[in-house]
Each structure stands twice: as structure tokens, then as C-alpha cells.
Amino acid sequence: MEGRLAGPPPGAAAGDGRALDAGAVRVWCSLALEALGRERAEIDAINVYPVADGDTGTNLYLTVESAAQAVEAVFAAHETGRTAPSLADVVRAMAHGALLGARGNSGTILAQLLRGMAERISDGDHLAGALRRAAELAREAVAHPVEGTILTVASAAASAAESSPADALRAAYAGARTALDATPGQLEVLGRAGVVDAGGRGLLMVLGALVEAIAGEAPVAPALEHVRRDPQTQEPRPCADGGPAFEVIYLLEADDSAVARLRTRLDALGDSLVVVGGDGLWNIHVHVDDAGAAVEAGVEAGRPHRIRITHFDTAAATATPRAQVQRAVVAVVPGEGLASLCTDAGATTVRALAGEPPASGELVDAIRRAHAREVVLLPNDPALRHPAAAAAEQARTEGIRVALIPTRSPVQGIAALAVHEPDRRFDEDVVAMTAAAGATRYAELAVAERQSWTSAGVCQAGDILGLIDGDVAVIGEELTSTALTVLERMLSSGGELVTLILGSSAPKALATSLERHVREGYLAVDTVTYEGGDAGTPLLIGVE
């Protein structure tokens with residue numbers, strides 16, 4: 001059944017609410033992201049379990065953001081053919097997006113909850129059945145389930161929905177809220193801090209968004225007035241903290257038997273082990289003291305990627321805040337070499353991995369990390385236009401003055417950063433940086449993955465593509481000759497400075513050939529070369 005949840009009545013309906021169809025899932029994701037965005041800081045503030053690192057709200061937001069982006073991609077693909085996606089397509093995309101973008105302990109569990117719901121909804125099950133499957137899968141994913149957590153809230157929502165099939169959705173929300181309120185009495189660390197479980201609170205926001213998407217009316221969420229404050233300072237009472245030093249997360253391509261062995265090995269290395277996913281793709285989360293051993297275990301099990309290692313610094317919340325600076329630059333960069341270059345120039349950097357552009361939440365976090373009253377944001381990629389705009393808008397609501405310069409390539413970002421002067425007026429600095437970026441033409445070399453039509457003609461798999469200002473201008477068979485052709489075309493319209501950024505896959509002689517070409521043919525033009533590291537392309541060229 002593609003259009004709605006099966007069952008009498010459709011489990012997601014409340015009163016005369018709409019059925020859970022593809023459009024409703026899209027609205028659900030949007031509302032959940034909006035709700036978590038509003039409550040992110042508050043949920044971060046009550047995060048004391050399993051580690052008091054104050055990031056549960058942020059992790060849940062980033063997980064749902066990835067799910068929402070996957071749903072939007074499905075709708076965008078169908079708009080091209082003027083067709084509508086099915087409910088099954090959309091919920092599977094939601095679950096897959098959450099799996100890929102899951103962050104932290106609670107975000108990883110939420111991804112498995114969404115997977116369980118998607119599994120049953122795709123099969124035409126009713127809401128209560130979907131919630132029950134979600135709760136079961138989530139518990140199976142956690143090595144050592146603990147009551148008083150997001151798992152308890154999920155189970156309570158499923159039980160409440162099963163007991164009231166005629167109004168399952170509102171019953172699920174009410175059951176989850178009751179269970180959430182009881183968490184301080186179930187988990188000692190929550191009781192000492194006087195807070196409800198942060199992950200459970202985030203799940204309640206997600207369920208509330210589903211109620212609003214289906215019933216058209218948002219339930220009243222409980223206020224976060226659960227923090228027990230010290231009578232002398234009126235600050236939240238700290239909790240004693242201990243445990244492993246690192247959080248390790250990675251995606252893993254592996255078969256079921258290898259993952260079963262990996263669970264056993266990681267469980268012996270640390271705690272907070274959560275393994276979610278299936279069908280050959282898994283998201284691994286664990287807290288350990290030996291991060292290298294956790295990654296090595298993944299290598300032995302299959303192919304790990306998107307590896308993230310975070311050192312816990314739970315003392316940061318009680319440390320004296322560092323002084324806020326007047327102005328900072330935040331730049332998105334694709335490689336370690338560029339990250340080092342921009343960091344040395346004073347910028348706060350955000351890594352963009354190949355095929356994995358940062359989400360708006362990551363950009364907001366970088367803006368906050370810059371700890372400045374004024375921030376210049378350099379996305380350095382046209383695909384980041386919307387996430388960067390959303391991040392800038394969010395930061396402005398927090399009182400940070402943000403200027404977004406729409407740089408489309410790292411070479412434009414480098415040009416802007418080169419003229420940055422934090423001591424001049426903000427508007428003057430932004431104008432100068434914008435002018436420098438706009439005066440820089442950019443190009444890159446790429447390898448064609450398949451036969452395709454381009455603006456320069458038909459390319460074959462393995463051809464070298466020379467893109468100038470985003471369009472394919474040259475198709476060649478060899479890297480150096482194609483690069484020389486691209487550079488010559490760019491210099492034919494003038495230029496004073498050529499910037500070359502070499503990727504790790506570029507041959508060592510490439511820079512020498514290009515520098516010699518400029519030196520011999522354009523006496524008034526200077527050349528500067530940087531090592532970009534794993535920049536996702538063998539060569540970036542900028543001409544100012």
C-alpha cells in the first residue's frame with residue numbers, strides 16, 4: 001500500500017488528519033528539523049548521559065538534517081520527470097539519509113528508529129507496528145541497553161500507540177512524554193543533575209513534528225525546566241564524569257557476519273557501542289580510549305569511511321570562556337593542505353570530504369567555534385549556496401553578524417582571504433574580499449566517470465575534463481596537456497596572478513610544466529603553487 005499506512009484507521013491519522021503519504025513525510029522531516037533547530041541549545045544543555053559533552057541536540061539536528069536532505073533529493077529527482085515519489089521511496093530515503101548523517105550516540109539510535117519505521121511503513125504496516133519495530137531495532141543496535149534513555153521513550157511511544165489504535169499518533173506522543181518525565185528516576189546520573197534524558201527529549205520533538213505533519217496541529221511540548229540548580233550560584237549542578245576519551249564513528253561496508261564479529265571486538269574496547277544499518281552498510285558508534293584500535297577493527301571487518309574521531313572534553317563546560325574576538329573568517333575547504341593554509345591565515349575551517357558536503361548545522365557550529373562578533377563565511381562551492389545561507393541566517397538569530405561571500409571555488413576563497421584585514425570596518429572588509437573573489441576566474445580538472453554529453457562535446461569514461469567557471473571547456477586524454485590548454489584559455493583574457501592547487505593524485509611534474517608555461521609566455525604574470533592534499537580533484541587553477 002503506497003499512499004497511506006494500513007490499519008483501521010490509518011495509524012498516523014488523528015481525528016480528521018491526513019494520511020501518512022510521501023508529502024506528509026516530507027513535511028515531517030522539515031518540521032522535525034525546525035523543532036530541533038529551536039531546541040538544539042536547550043537539549044545540548046541537559047546532555048549528561050552517556051557523556052556530559054553537551055552535543056546531543058546538535059547531533060540529533062545534524063542527523064535529521066541529513067534525513068531531510070535525502071527526502072528532498074527524492075522529490076527533486078521526480079520533479080524532473082513530473083512524477084510523484086511513493087511513500088516507500090520517501091521513507092527509505094529518510095532512513096538512509098539518517099544512517100549516512102547520524103552523529104553521536106542519540107543520533108545513531110534515532111537513525112535506527114527511523115530505519116525500523118521505514119521498514120514497516122514500506123510494507124504497509126500501521127503506525128503502532130512501525131513504532132514497535134523501530135523500538136525493537138534500536139534496542140538490538142545498542143550493545144548494553146539502559147533504561148531512562150531514548151530507548152525507554154521509544155518503547156513507551158510504541159506501547160501507547162498499540163493500546164490506542166484509533167488515535168495511535170497522539171497516544172504515542174503522550175506515552176513518550178510521560179516516559180520522558182520519568183527518566184530522572186530511572187537513571188541515577190539524570191537524577192543527580194535534575195534533568196530528563198536529552199536523547200529522549202529530542203525523540204519527543206521528532207514525534208511532535210509527526211503529529212503536526214499529520215494532524216495539522218503541534219502538541220504542546222514540555223518546557224525544559226528540569227535543571228536542578230545550585231542554590232549558591234544558580235548554575236546547573238555538574239555531574240561527575242568519567243569513561244573513555246574518544247568517540248569514534250564511521251560508516252562501514254561489510255557483511256552481517258563480519259559486523260557480528262566487530263560488535264564483539266568493539267564491545268571489549270569501550271562502551272556506548274551502537275551499530276545501526278544493514279544490507280551491507282552500517283554506521284558504527286563507540287566510545288574508546290584507543291581510537292586507532294576501533295578504526296583498525298573496522299578495517300578488518302570491511303571498508304570504513306567517513307571516519308570521525310572526537311576527543312571528549314567534558315571540562316570545557318566549566319572552563320573560563322575564551323574572549324570573543326571582533327571578526328573571524330570561516331572557510332569550507334576540500335583537503336588537508338588547504339585546511340592548513342587557511343588555518344595559518346587565521347580562518348576557521350570546515351572540511352568538505354569528497355561527495356560529502358557539510359550540512360548547514362556543521363557550518364553553524366564552525367561559526368560558533370570562531371567565537372567572533374562578526375564572521376565572514378566562504379563556502380567555496382556553488383553547491384553550498386543554500387546550506388551556507390541557512391547557516392548564516394541561524395547565526396544571525398544568535399546575535400552574530402555574518403556576511404556570506406558566494407565563493408564558488410577554493411581559489412576564490414584564497415583570494416578573498418588574502419585581502420582580509422580584520423582591523424578595518426566590517427563592510428569595507430567584506431567589499432574588498434568580495435571584489436577579490438569576484439576578480440578570480442577558477443578552473444579545475446576532473447576525470448570523467450562515464451560517457452556523457454558536456455558543453456564541450458561528448459566525453460568518454462577516463463577522459464580528463466577541464467572545467468572553467470563551472471562549465472566543461474576542454475576534453476583531453478592526458479592531465480598535463482589538458483591543464484596547459486585550460487590555463488592558456490584563462491590567461492588569454494588577461495591575468496596578473498596564477499594560483500595552482502595540486503591534489504594528492506597530481507603528478508609531481510604537473511606544477512613544473514604549468515609554472516614554466518606561465519614564466520615563458522607571460523612575463524608579467526606571477527605564479528603561486530600550494531599542495532592541496534586530498535582535495536577531490538587533481539588540480540585547481542585560479543587566475544586573478
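**Pocket, fold and a few residues**

Guide: Let's begin with the second largest pocket. β5 (325-333), β9 (441-447) and β12 (464-468) each give its lining at least two residues. Bear in mind that this is a predicted model.

Visitor: Which strand supplies the largest share of that lining?
Guide: β9 does, with four residues.

Visitor: What volume does the second largest pocket have?
Guide: About 710 Å³. Its lining has 30 residues, and the closest to the centre are Pro334, Asp381, Glu444, Ala535 and Gly536.

Visitor: How does the lining divide into nonpolar, polar and charged?
Guide: There are 18 nonpolar residues, six polar and six charged.

Visitor: Switching to the whole chain. How many helices and strands?
Guide: The count is 18 helices and 16 strands.

Visitor: What does the radius of gyration say about the chain?
Guide: It is 25 Å. A compact globule of 544 residues would come out near 24 Å, so the chain agrees with that. Along the principal axes, the C-alpha atoms fill a box of roughly 80 × 60 × 45 Å.

Visitor: And what share of the residues is buried?
Guide: 52% of the 544 residues. The accessible surface is about 23,500 Å², and carbon and sulfur atoms hold 51% of that.

Visitor: What about contacts between residues 24 or more positions apart?
Guide: They make up 69% of the chain's contacts with a separation of 6 or more.

Visitor: Let's get local. Where is Val411?
Guide: In helix α15, which covers residues 410-418.

Visitor: Buried or exposed, and why?
Guide: Val411 counts as buried because its relative accessibility is 2%, and the cut-off for buried is under 20%.

Visitor: Which residues is Val411 in contact with, beyond four places in sequence?
Guide: Thr440, Tyr442, Thr499, Ile501, Leu540, Ile541 and Gly542. Take Thr499: it sits 88 residues from Val411 along the chain, yet their C-alpha atoms are 7.1 Å apart.

Visitor: And Ser409, where is that?
Guide: In the loop between β8 (401-404) and α15. Ser409 is buried too, at 4% relative accessibility.

Visitor: What is Ser409 in contact with, leaving aside neighbours within four places?
Guide: Asn380, Asp381 and Tyr442. Two of those names have come up already. Tyr442 is also a contact of Val411, and Asp381 is among the lining residues closest to the centre of the second largest pocket.

Visitor: New topic, backbone geometry. Which residues does a cis peptide bond join?
Guide: Tyr49 and Pro50, with omega at about 0 degrees. Pro50 is in the loop between α1 (22-45) and α2 (56-80).

Visitor: What is phi of Asp279?
Guide: Near 55 degrees, a positive value in a residue that is not glycine. Asp279 lies in the loop between β2 (270-278) and β3 (281-288).

Visitor: Is Asp279 buried or exposed?
Guide: Exposed, with a relative accessible area of 78%. The cut-off is over 50%.

Visitor: And what about phi of Asp469?
Guide: Also positive, at about 50 degrees, and Asp469 is not a glycine either. Its place is the loop between β12 and β13 (471-476). β12 is one of the strands that supply the pocket lining.

Visitor: How much relative accessible area does Asp469 have?
Guide: 30%, so Asp469 is partly exposed.

How values were computed: Residues numbered from 1 in each chain as written. Predicted model: local features only at pLDDT ≥ 70, side-chain atom pairs only at ≥ 80, totals over all residues. Heavy atoms only, no water. 1 Å grid on protein atoms, 1.4 Å probe; cavity = no way out; pocket = protein on both sides within 12 Å on 5 of 7 lines; lining within 4 Å. Points joined across faces, edges and corners; volume = space filled by probe spheres on them. Nonpolar A, V, L, I, M, F, W, Y, C, P; charged D, E, K, R; others polar. Rg over C-alpha atoms; globule rule 2.2 N^0.38 Å. Buried < 20%, exposed > 50% of the residue type's maximum accessible area, 1.4 Å probe, protein only. Contact = heavy atoms within 4.5 Å. Areas by Shrake-Rupley, 256 points an atom, 1.4 Å probe, with all protein chains shown as cover.
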